[in-house]
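I opened a notebook on a structure that was new to me. These entries record what I looked up.

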Amino acid sequence: MGNSKPIILPKLQLLLDQVGEQIRLARLRRKLSADQLAERTGISRRTIYSIEKGSSSVSIGYYLNVLKVLGLEKDILKLAKDDELGRKLQDAGLATKNRAPKRH
């Protein structure tokens with residue numbers, strides 16, 4: 001495996017680009033420079049820039065460290081939270097129990 005970059009479809013890369021931009025804007029709203037964020041996370045400035053560009057080769061752990069410093073770490077829990085399709089699939093596969101006959 002090593003440092004190979006994952007293959008990401010263009011639509012998914014657009015999502016990563018948006019995540020990176022949202023992280024960059026959150027940093028700027030807090031008036032933090034990339035250097036300050038790098039120092040507080042223990043991540044190189046180059047990796048901070050990669051995160052802000054939505055790089056798919058950056059570990060999710062680094063994204064989490066950045067979110068932690070920005071006070072947004074709990075936002076990660078919003079991922080797949082409302083799994084409407086999964087719920088429908090689950091409900092469709094649920095077997096109903098046969099009821100016992102009524103006693104007279």
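The entries below go from helix packing to the core and then to salt bridges.

Entry 1, ground rules. I am working with a predicted model, where local features need pLDDT of at least 70, side-chain atom pairs count only at pLDDT 80 or more, and totals for chains, interfaces and linings use all residues. Residues are numbered from 1 along each chain as its sequence is written, and side-chain values use heavy atoms, with hydrogens and water left out.

I took helices as DSSP runs (H or I, at least four residues), numbered from the N terminus. The axes of α2 and helix α3 (residues 45–52) come within 8 Å and cross at roughly 110°; axes are lines fitted to C-alpha atoms over the stretch in contact, with angles from 0 to 180 degrees between N-to-C directions. The two helices are therefore roughly perpendicular (65 to 115 degrees). On the α2 side I noted Ala34, Asp35, Leu37, Ala38 and Thr41, and on the α3 side Arg45, Ile48, Tyr49 and Glu52; contact means heavy atoms within 4.5 Å.

I found the axes of helix α2 (residues 34–41) and helix α4 (residues 60–69) within 10 Å of each other, crossing at roughly 105°. That makes α2 roughly perpendicular to α4. Leu37, Arg40 and Thr41 in α2 meet Asn65, Val66 and Val69 in α4.

Which residues of the largest nonpolar core touch the most other members? I listed Ile23, Leu37, Ile48, Ile51, Tyr63, Val66 and Leu70, out of 14 residues. Such a core is a set of buried Ala, Val, Leu, Ile, Met, Phe, Trp, Tyr and Cys residues joined through side-chain atoms within 4.5 Å. Helices α1 (10–29), α2, α3 and α4 each supply at least two residues of this core.

Is Arg27 buried or exposed? At 7% relative accessibility, Arg27 counts as buried (under 20% relative accessible area; exposed is over 50%, partly exposed in between, with a 1.4 Å probe and protein chains only). Glu52 is buried as well. The side chains of Arg27 and Glu52 meet in a salt bridge at 2.6 Å, N to O (a side-chain nitrogen of Lys or Arg within 4 Å of a carboxyl oxygen of Asp or Glu). Arg27 lies in helix α1 and Glu52 in helix α3, so the pair ties together parts 25 residues apart in sequence.

Entry 6, other salt bridges. I counted six in the whole structure. Among them, Lys78 pairs with Asp75 at 3.5 Å; Lys78 is exposed at 58%.

Technical notes. Parallel < 35°, antiparallel > 145°, perpendicular 65-115°, else oblique.
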